[in-house]
Amino acid sequence: MSDALIRRSLEPTIFRVLTLAFSVFIVAYILIPILVTLVMSFNDATQIRFPIKVWSLKWYGDFFASPQWTEALFNSFTIAIGTALIATTSGVLAAWAFERYDFPLKSLLYVLIMMPLFMPGVVLGLGVAIAFGGVEIAGVDLYGSRGLVMIAHSLWAMPLVFMLMEATFRTIDNRVVEAAQDLGAPPVRTFFEVVIPMVSTGIISSVLFAFVISLNEFVMALFLTDRDTQTLPVLMWLSLRSAGTPRLAVASVILACTVFLCLTLIMLWYIRQLRKVAR
Amino acid sequence: MTTPALHLDRVRRVYGPVVAVDDVSLSVAKGEFVTLLGPSGSGKTSTLRLVGGFDQLDGGSIAINGERIDHLPAYQRDTATIFQSGALFPHKTVAENVAFGLRMRKVGTSEIADRVRQYLDIVRLGGFADRYPAQLSGGQKQRVALARSLAVRPAILLFDEPLSALDLSLRLQLRAEIKSLHDQLKFSAIYVTHDQGEAMAMSSRVAVMRNGAIEQIDTPTRIFHDPASEFVYTFIGESCCLRVNNAAQSLDLTLETPLLGEARLYVRPSRLRLGPDAASLPNRLKARVKFVEFLGDTNRYHLQAGDADLFADHAGEMSLAPGATVDLGWLTADMRVFR
Amino acid sequence: MSDAYTTARARLARRKAAAPWILMLPALIIVLIFFGLPTAYMARMSFNLHEGAKLYTPGFTFDHYINLFSNEVFTTAIWTTVKLSLMASVVTVIIGYAFALLVWLKPARWRLLFVGLALCPLLISEIAIIFGWWMFFPKNGLLSFALMSSGLITDKISLMYTEFAAFVGLVYVTLPFCFFILLSILDGMDKRMLEAGADLGASPLVTFREVLLPLTRTGLLVAFSQSFIWTMGTYATPSALGPDTLWTMGFLIQEQMLGRSNWPLASALSMVLVVGVAVVITFTRSLSAKRTTLHV
């Protein structure tokens with residue numbers, strides 16, 4: 001009897017201690033690789049070695065002075081912008097078709113469009129590489145081109161945009177769309193003048209998520225790029241395999257900062273829209 | 001004879017096994033305000049959506065100003081709809097909302113500005129041009145929707161239960177405003193509603209719909225006083241029903257002309273006289289008081305005669321306690337008999 | 001006369017029927033040409049011959065599949081992958097579940113902070129994460145340094161290139177998927193249910209076992225299969241952090257493709273992976289048929 005009583009009074013304390021311990025663990029677990037990288041990027045030494053003795057911005061200077069690395073960064077940005085455009089355009093249009101129309105094989109097509117999202121990057125990269133390896137369009141080798149990487153990245157980005165936009169389109173009032181047509185706007189004009197502004201937050205999020213996915217991805221890019229078109233993550237991967245230097249940390253920080261900048265933009269746009277439309 | 005603003009000829013729409021619109025024919029003259037009145041599922045909204053072009057017909061034809069339009073998509077039809085929720089463009093200001101239809105019709109910039117101002121003044125929202133819909137009240141939104149539709153000066157305005165989402169006082173106010181706008185601007189309109197009060201108050205003519213077909217179409221007064229069917233009679237106003245059966249007459253009922261066979265006899269509660277007033281009338285009935293409701297200007301007496309539940313409205317004081325027996329009386333002209 | 005209107009109406013109906021296909025065209029081109037076609041091509045490729053130094057020789061053989069399931073190198077790799085994925089997924093689900101419960105039960109003001117935290121591994125490139133751990137585990141890494149300074153050890157230690165390091169990296173990358181799936185399921189539940197359990201005198205453990213676990217079982221399975229799919233396919237994290245002997249499917253595909261130039265075998269491996277993923281997806285979909293969200 002008293003044993004049970006002790007147990008009952010002890011249990012909440014044990015529970016609280018466990019909760020605290022777990023919180024500390026999870027915060028540490030998630031932050032360790034991020035903080036280590038951030039700290040290392042300000043290291044002055046050539047080697048990755050703790051403790052850090054001298055702090056400097058040397059490796060940032062080094063990064064931007066190296067044509068190889070800046071070019072990789074440029075490639076990454078080009079490919080990410082291309083992916084964002086391709087994935088957003090195709091994903092938004094397809095989502096609108098699913099929301100607005102009824103057509104045969106709808107659920108099958110849904111699965112088909114979503115499927116690539118669940119496929120490992122190795123498989124997608126390999127598939128595109130062997131299928132388009134020798135293909136030339138207008139004398140330009142498709143393999144190794146930035147365009148092919150953009151499309152390969154869209155295989156992940158487009159289903160994500162599609163999913164996001166399907167949910168977004170579902171929130172708009174169909175009568176507003178009808179009102180636009182009723183007042184004389186043809187379907188295309190209705191789409192651009194009425195529908196798109198109503199889902200602008202979804203579109204901006206789609207563009208930036210697609211951008212981020214492409215920016216971070218490196219397995220498909222590894223299979224599909226050559227020396228001239230390799231992206232920053234690919235270059236990081238290759239130099240990690242040879243020897244890691246704080247330059248890699250700088251590259252990581254630059255990638256992460258770009259991503260968080262995108263996230264901030266989404267937030268700002270969201271707040272702006274919230275002020276304007278929903279009260 | 002002048003061409004009607006809108007003409008529907010045996011319009012038909014079928015959804016699987018359900019005939020939503022069943023050979024509806026209807027003409028709206030220029031400047032006429034026609035209401036489609038009916039319970040939900042009667043096909044009134046389906047009819048309106050066919051006219052607006054949001055749905056395709058399965059048979060018949062629709063003409064605006066004498067020209068067939070049923071083969072045209074919504075954006076090529078000279079109609080403008082006022083939706084239940086207003087359906088304003090949330091990301092456009094009030095002025096941009098009103099200007100939208102004009103821009104689509106390629107009206108010149110300066111004329112757009114003039115017309116936007118003109119119609120916002122008409123709906124008394126002159127100072128609200130730069131607001132967003134989210135900053136407006138429900139009634140204001142509906143007035144913007146009205147201005148937006150009026151501004152394009154369509155051949156016909158389509159109202160899709162525009163007031164049903166508003167509360168009662170606002171509904172009454174806006175309904176009066178729409179009526180005075182119609183008197184002032186003389187637009188042609190079809191107005192869909194399930195509220196007979198709205199239909200009676202605003203319309204040039206009312207079409208009562210049931211099961212996808214028009215049951216009766218006439219002026220509000222004629223509909224009210226001379227309903228074509230039992231359905232129309234019971235739908236457009238309150239009524240009391242007595243089932244009369246000569247064989248087993250359990251009612252203490254006196255009629256001017258006796259009825260033969262089975263029949264249903266209807267009287268409006270406002271036309272029933274109670275107590276001493278009833279004695280001089282040609283038709284009389286004895287009933288028992290169940291309870292009394294105080295309605296303000298009048299009292300409503302809930303009564304029982306045989307197995308029929310009745311109610312009668314009476315102004316003035318009367319000391320009738322529940323359980324008391326009372327005389328009811330009415331004029332033959334106020335009575336309607338359906339078999 | 002009426003014929004003209006009938007044709008006009010038919011044209012309108014046709015245009016309406018064509019509209020969704022026009023809208024879907026870009027998406028379908030991407031999926032069919034850049035996913036469907038390569039998959040079909042890969043399926044065909046996996047039956048081709050591989051002779052000498054050539055990438056492939058056209059032909060038809062089941063050799064590669066037979067090889068996959070009989071050659072010890074590959075059976076070991078498949079087994080390693082499955083084992084690693086299973087273990088990593090179980091651990092991910094446990095940590096993810098605890099994390100989601102923590103966020104769900106904590107007051108709302110903590111929520112944004114924790115959700116932001118959980119987003120980090122999702123938004124940071126896998127390569128940056130790998131590199132982060134790559135600096136944490138080795139002899140001169142932060143772990144060794146921290147343990148030395150605290151006096152817990154006297155000699156530098158390295159956990160780099162161990163299965164443990166690979167494991168830590170894998171769990172890290174999959175954790176956010178699990179977390180968000182489970183959090184969305186917990187969010188759909190009424191927290192007062194737990195109070196009701198406590199009111200009836202049940203201890204937290206009993207409440208968990210009797211109330212929470214049965215209600216979140218589907219979510220747990222979805223989360224588990226999601227991480228399983230992901231870990232099965234990945235190759236960067238385990239090959240960068242783990243020992244050289246840790247050959248996962250993803251690593252083998254990459255190795256056969258780029259290292260050995262054996263396209264048919266790489267294709268056969270990919271097909272096995274694709275089929276595996278498809279099976280898991282079908283399984284998950286059938287589980288969550290009544291739930292609307294299984295998405296990441």
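This briefing walks through the chain contacts, helices and sheets of the structure above. The model is predicted: local features need pLDDT of at least 70 and side-chain atom pairs count only at pLDDT 80 or more, while totals for chains, interfaces and linings use all residues. Residues are numbered from 1 along each chain as its sequence is written, and chains are lettered from A and ligands numbered from 1 in the order in which they are written. Helices (H or I, at least four residues) and strands (E, at least two) are DSSP runs, numbered from the N terminus.

**Where the chains meet**

- Between chains A and C, the contact takes 65 residues from chain A and 60 residues from chain C.
- On the chain A side, the helices that each supply at least two residues include H1 (2-40), H3 (67-100), H6 (146-170) and H12 (246-276).
- H1(A) gives the largest share of that side, with 14 residues.
- By class, the side of chain A that touches chain C has 51 nonpolar, twelve polar and two charged residues. For the classes, Ala, Val, Leu, Ile, Met, Phe, Trp, Tyr, Cys and Pro count as nonpolar, Asp, Glu, Lys and Arg as charged, and the others, Gly among them, as polar.
- Chains A and B meet through 18 residues from chain A and 21 residues from chain B.
- Helices H7 (174-182) and H8 (187-198) of chain A each put at least two residues into the side that touches chain B, and H7(A) supplies the largest share, six residues.
- That side of chain A splits into ten nonpolar, two polar and six charged residues.

**A helix pair in chain A**

- H9(A) and H12(A) pack at an angle of about 175°, with their axes 10 Å apart. Axes are lines fitted to C-alpha atoms, for helices over the stretch in contact, and angles run from 0 to 180 degrees between N-to-C directions.
- The two helices, H9(A) and H12(A), are therefore roughly antiparallel (the label for angles over 145 degrees; under 35 is roughly parallel, 65 to 115 roughly perpendicular and the rest oblique).
- Among the residues making this contact are Ile204(A), Leu208(A) and Phe211(A) of H9(A), plus Val259(A), Ile266(A) and Trp269(A) of H12(A).
- The contact of H9(A) with H12(A) counts twelve nonpolar, six polar and no charged residues.

Buried means 20 or more other C-beta atoms within 10 Å of a residue's own, exposed means 12 or fewer, and partly exposed is in between, with C-beta atoms placed from the backbone.

- In H2(B) (residues 94-104), nine of the eleven residues are buried, including Val98(B), Phe100(B) and Leu102(B).
- The cover over those buried residues of H2(B) includes strand E6 (79-82), helix H3 (109-122) and helix H4 (138-151) of chain B.
- After H2(B) comes Lys106(B), with a positive phi near 55°.
- H4(B) is largely enclosed by the rest of the structure, because twelve of its 14 residues are buried. Among them are Arg143(B), Leu146(B) and Arg148(B).
- At 1.5 Å a residue, the 14 residues of H4(B) should span 20 Å, and its end C-alpha atoms are 20 Å apart, which agrees. The expected span is 1.5 Å times one less than the number of residues.
- Just after H4(B), Arg153(B) also has a positive phi, about 45°.

**Sheets and hairpins in chain B**

Strands pair if DSSP finds at least two bridges between them.

- Six strands of chain B form an open sheet with mixed pairing, in the order E6-E7-E8-E3-E9-E10.
- Its edge strands are E6 and E10 (213-218) of chain B, each pairing on one side only.
- Neighbouring strands of this sheet are turned by 20° against each other on average, direction ignored.
- H4(B) packs on the sheet, touching E6 and E7 of chain B, and its direction makes about 175° with that of E6(B).
- E15(B) (residues 283-294) and E16(B) (residues 299-305) run antiparallel, joined by six bridges. Gly296(B), in their hairpin, takes a positive phi near 100°.
- E16(B) is also joined to E17(B) (residues 308-314), antiparallel, by seven bridges. In that hairpin, which has two residues between the strands, Gly306(B) takes a positive phi near 60°.

Terms used. Contact = placed C-beta atoms within 7 Å.
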